[in-house]
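Hello,

Here is the structure we talked about handing over. Please open it and read the notes below alongside it.

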Amino acid sequence: MKIQSSFLSEEERKIIHADSIRILEEIGVKFPSEQVLTMLAAGGAKVDFDRQIAYISEAMVKKAVASAPKSFILGARNSEFDFKMPSLFSGYNLDGCGVNVLDFRTGMRRPARISDVADAARIFEEMDLGFVHWSPVSPSDMLSESVGMMITATSFMNTSKHVQDEVQEQAEVPYIMAMIKAIMGEQKTYRDRCVYSATYCTVAPLCHDEAMLSANIALSHYGVPILIYPMSASGTTGPASLYSNIAMANAESLSALVAFQLASPGAPIILGAALGVVNVRSGIFLEGTPETTLQIGAMGEMARYYGMPNTTAGCLTDAKQPGMQSVLEKTLTTLPLVLSGADIIQGIGLIESSTTLCYEHIVIDNEIAHLCKRIKDGIDVDQAKDYFSDIKEVGQGGHFLKQKNTRKAFRSEEFYQSTLCDRNSYDEWEQLGRPDLIQNSRAKIENILSGEKKNPMPNDMEKLMREIMSEAEQKLAE
Amino acid sequence: MQDLVKDAFIDKMRMAVLEGEEDEAVTMAKKAIDEGMDLVTVMNEGFLAGIREAGELYAAGDYYLPELVCSADAMKAALAVLDPEMRKLPGGVKSSGKIILATVKGDIHDIGKTIVGAMMTASGYEVIDLGADVDNSVVIQSVIAQEPLILGLSALLTTTMNEQKHIIDSLIENGFRSKVKVIVGGAPASHEWARKIGADGYSDNAMDAVRLVNGLLGRTD
């Protein structure tokens with residue numbers, strides 16, 4: 001059977017839901033937008049326009065949950081990489097919004113450049129469990145109003161997988177739609193399959209950002225999937241118990257869900273979460289902790305409770321460089337999520353609490369993903385795997401190497417063959433120059449970056465993208 | 001036999017070994033004798049070509065252990081049929097050399113030594129596998145009787161590894177030490193252990209064991 005673990009019991013899910021409803025009804029959520037508040041009021045919310053607070057009822061939440069699609073496809077320019085939500089296995093998402101890069105050549109941390117966005121996309125293209133590309137860094141070598149559009153276009157031009165990004169302003173929406181149309185052609189709606197989705201972060205505690213909210217509502221009109229991503233940290237921007245922080249973050253998610261479904265009924269929504277804890281001395285946001293896993297795992301459970309597709313942060317670390325701490329923390333923040341059935345885990349490639357891109361970790365994290373998947377897939381106790389006849393044939397003593405089943409099995413998914421972890425004998429390992437996980441990942445990256453770009457964007461499509469970039473650069477600066 | 005038919009025959013022999021089809025290898029070897037084929041050609045271009053190819057595929061990572069072991073056993077099975085006939089030939093057909101392998105007395109761990117045997121066979125050596133838990137006297141008698149170029153001794157336990165030393169000491173006592181190179185392997189063994197007990201070499205994996213043997217015999221890989 002496939003291993004299925006749970007972070008919350010059925011009863012606990014009901015309790016958290018009830019707590020979230022109580023927060024929405026009694027405390028309310030701030031929507032700093034007259035337009036959205038009016039829409040919420042028309043949808044049945046009690047609204048305090050002076051304080052910009054909307055009090056959302058359980059009935060509104062139930063209606064929004066019912067109206068949101070339970071299944072859709074995160075499409076890709078190369079349809080081989082289409083990712084159906086919900087998924088039977090956990091796919092991975094490059095995490096976004098880092099600011100630094102651990103330079104692949106020098107090993108030193110430096111501000112990110114637009115070339116890093118392209119390189120990361122090229123490496124990600126060849127990671128077989130990676131399906132959603134959110135540019136892992138915001139470059140500081142092109143600070144302009146159009147930087148967001150440059151990042152999105154650069155991502156599209158360097159990966160044929162699904163692209164996700166943050167949209168800061170409504171003015172960016174036409175350019176994003178132009179890029180989507182350049183790839184997919186003109187369509188009435190992109191609701192069932194779209195090559196782009198947007199990440200929408202709520203602002204803890206219990207707030208929304210006006211510009212982001214209006215931009216994402218505009219995108220939702222076209223059927224672009226929106227990932228709702230609360231990020232409260234227990235003890236600072238959230239209450240200091242995991243339980244209540246989850247309940248509050250879930251309330252933030254539900255408030256966004258209600259707003260999007262009122263604005264665009266039937267808009268595809270992904271419920272996500274990147275809840276954290278903090279360093280109790282400095283207040284620094286921490287990700288690679290057991291408490292992080294528990295919170296985001298529970299949020300994934302809540303998404304499944306509502307029957308919604310989910311993306312959770314995961315594969316996280318607070319380490320400053322690839323090494324023992326990063327691999328330890330990333331494994332600890334991945335395996336439990338995989339075992340619980342997360343659709344997408346978002347975090348690969350970044351270190352230092354998701355602020356620094358590390359090329360090596362894109363590759364290492366894909367390996368962690370494989371190892372976790374193998375455990376999730378469990379033991380196949382099926383008649384086809386009953387090798388009693390082999391046991392009988394070999395009998396006492398001897399070996400099973402000559403059994404036809406062995407030949408077949410060694411090439412099956414039952415025995416995952418790692419290409420990154422060292423599986424050699426000591427002498428072989430020494431002869432190879434004592435390679436470790438990091439060195440092996442570096443060799444793969446060298447290979448990818450020095451080779452030809454995989455699945456390059458067709459020339460005419462790339463020309464269109466460059467035209468869109470150029471226009472965005474001019475118009476958004478005005 | 002016409003050339004084309006002969007070539008197809010020989011290719012079947014190569015494939016029988018390459019694909020590890022033991023029964024097919026035996027059938028083809030018997031046919032070669034019945035048809036009065038040139039056994040030197042049969043060996044070199046048929047069976048040996050197949051086992052060499054299997055070894056290359058294994059070294060390249062394309063073959064896994066089960067494929068290699070099946071190829072090696074198909075090779076051995078064909079050899080068992082051809083050997084008596086080849087001995088009758090003037091000059092015979094020489095293998096790369098004879099290797100005796102054994103897991104020492106008190107130690108029942110068989111698989112590592114079996115894998116080494118498969119790799120040696122795939123590299124063209126004639127392997128005599130004495131099995132596991134082999135009494136020291138049986139090892140010594142076999143060396144005296146078979147005159148191998150190499151004696152490979154496996155021990156998986158710290159409690160049995162001393163037998164590797166005892167066998168080397170016995171070879172010295174019997175005046176046979178200089179006539180055979182002794183290599184040791186197994187989890188508790190090491191390069192240092194090999195030096196300490198007067199062995200000629202140590203390897204911790206089957207592929208390296210072939211390189212070790214080639215080196216000891218002054219051959220290139």
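A crossing is left-handed if the near helix is turned anticlockwise from the far one by less than a right angle, and right-handed if clockwise. Helices (H or I, at least four residues) and strands (E, at least two) are DSSP runs, numbered from the N terminus.

This is a predicted model: local features need pLDDT of at least 70, side-chain atom pairs count only at pLDDT 80 or more, and totals for chains, interfaces and linings use all residues. Residues are numbered from 1 along each chain as its sequence is written, while chains are lettered from A and ligands numbered from 1 in the order in which they are written.

Chain B, helices. The crossing of α2(B) and α4(B) is right-handed. Their axes (lines fitted to C-alpha atoms, for helices over the stretch in contact) come within 8 Å and cross at roughly 20 degrees, on a scale from 0 to 180 degrees between N-to-C directions. So α2(B) is roughly parallel to α4(B) (under 35 degrees; over 145 is roughly antiparallel, 65 to 115 roughly perpendicular, the rest oblique). Residues are in contact if their C-beta atoms, placed from the backbone, lie within 7 Å. From α2(B), the contact includes B:Ala25, B:Ala29 and B:Ile33. Among those from α4(B) are B:Ala74, B:Ala78 and B:Val81. The classes are 9 nonpolar, no polar and 4 charged. Ala, Val, Leu, Ile, Met, Phe, Trp, Tyr, Cys and Pro count as nonpolar, Asp, Glu, Lys and Arg as charged, and the others, Gly among them, as polar.

Chain B, sheet. An open sheet has 5 strands in the order β2-β1-β3-β4-β5, with parallel pairing. Strands pair if DSSP finds at least two bridges between them. The edges are β2 (126-129) and β5 (201-202), each pairing on one side only. Strands β3 (150-154) and β4 (181-185) pair over 5 bridges. B:Gly152 stands opposite B:Ile183. Helix α5 (111-122) of chain B lies across β1, β2, β3 and β4, at about 170 degrees to β1(B).

Chain A. Helices α4 (114-125) and α5 (147-158) of chain A pack at about 35 degrees, with axes 8 Å apart. This crossing is right-handed. A:Ile114, A:Val117 and A:Ala118 are among the α4(A) residues that meet α5(A). The contact divides into 6 nonpolar, 3 polar and 1 charged.

Between the chains. The contact takes 10 residues from chain A and 13 from chain B. On chain A, α14 (404-410) and α15 (426-431) each give two or more residues. That side has 3 nonpolar, 3 polar and 4 charged residues.

Best wishes

Technical notes:
Contact = placed C-beta atoms within 7 Å.
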